[in-house]
Amino acid sequence: SITKERTEVILQGTSSPDPNDPAAVWQEFDFKCKPGDLWRRPCFISPYHYRLDWLMWFAAFQVRASLDQGKQST
């Protein structure tokens with residue numbers, strides 16, 4: 001179904017030897033075909049399907065559903 005809010009899973013990484021260091025610089029991994037930026041053109045590369053990108057989009061729905069379920073049980 002269509003919702004008014006969009007939850008997204010964001011993966012970040014750092015090349016810092018100590019990721020707990022406050023000076024560590026974290027960068028977001030960009031998926032070429034994952035729906036994200038509303039102003040970016042949709043990805044269409046035939047005959048390939050960027051499966052991981054697509055699954056990351058659906059993973060956000062599962063995270064949101066589990067968060068909503070946790071709120072109802074309290």
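This report describes a predicted model of one protein chain.

## Basis of the model

Residue numbers start from 1 along each chain as its sequence is written.

The mean pLDDT of the chain (the predictor's confidence in each residue, from 0 to 100) is 77. A score of at least 70 is reached by 74% of the residues.

## Secondary structure

The chain has 1 helix and 2 strands, in the order β-β-α along the sequence. Helices (H or I, at least four residues) and strands (E, at least two) are DSSP runs, numbered from the N terminus.

## Burial and contacts

Of the 74 residues, 12% are buried (under 20% relative accessible area; exposed is over 50%, partly exposed in between, with a 1.4 Å probe and protein chains only). Among contacts (heavy atoms within 4.5 Å) between residues at least 6 apart in sequence, 32% join residues at least 24 apart.

## Two residues

H49 sits in the loop between β2 (27-28) and α1. H49 is exposed because its relative accessible area is 52%. From C33, H49 is 16 residues away in sequence and 8.8 Å away in space, C-alpha to C-alpha.

F58 belongs to helix α1. Its relative accessibility is 33%, so F58 counts as partly exposed.

Key: This is a predicted model: local features need pLDDT of at least 70, side-chain atom pairs count only at pLDDT 80 or more; totals for chains, interfaces and linings use all residues. Side-chain values use heavy atoms; hydrogens and water are left out.
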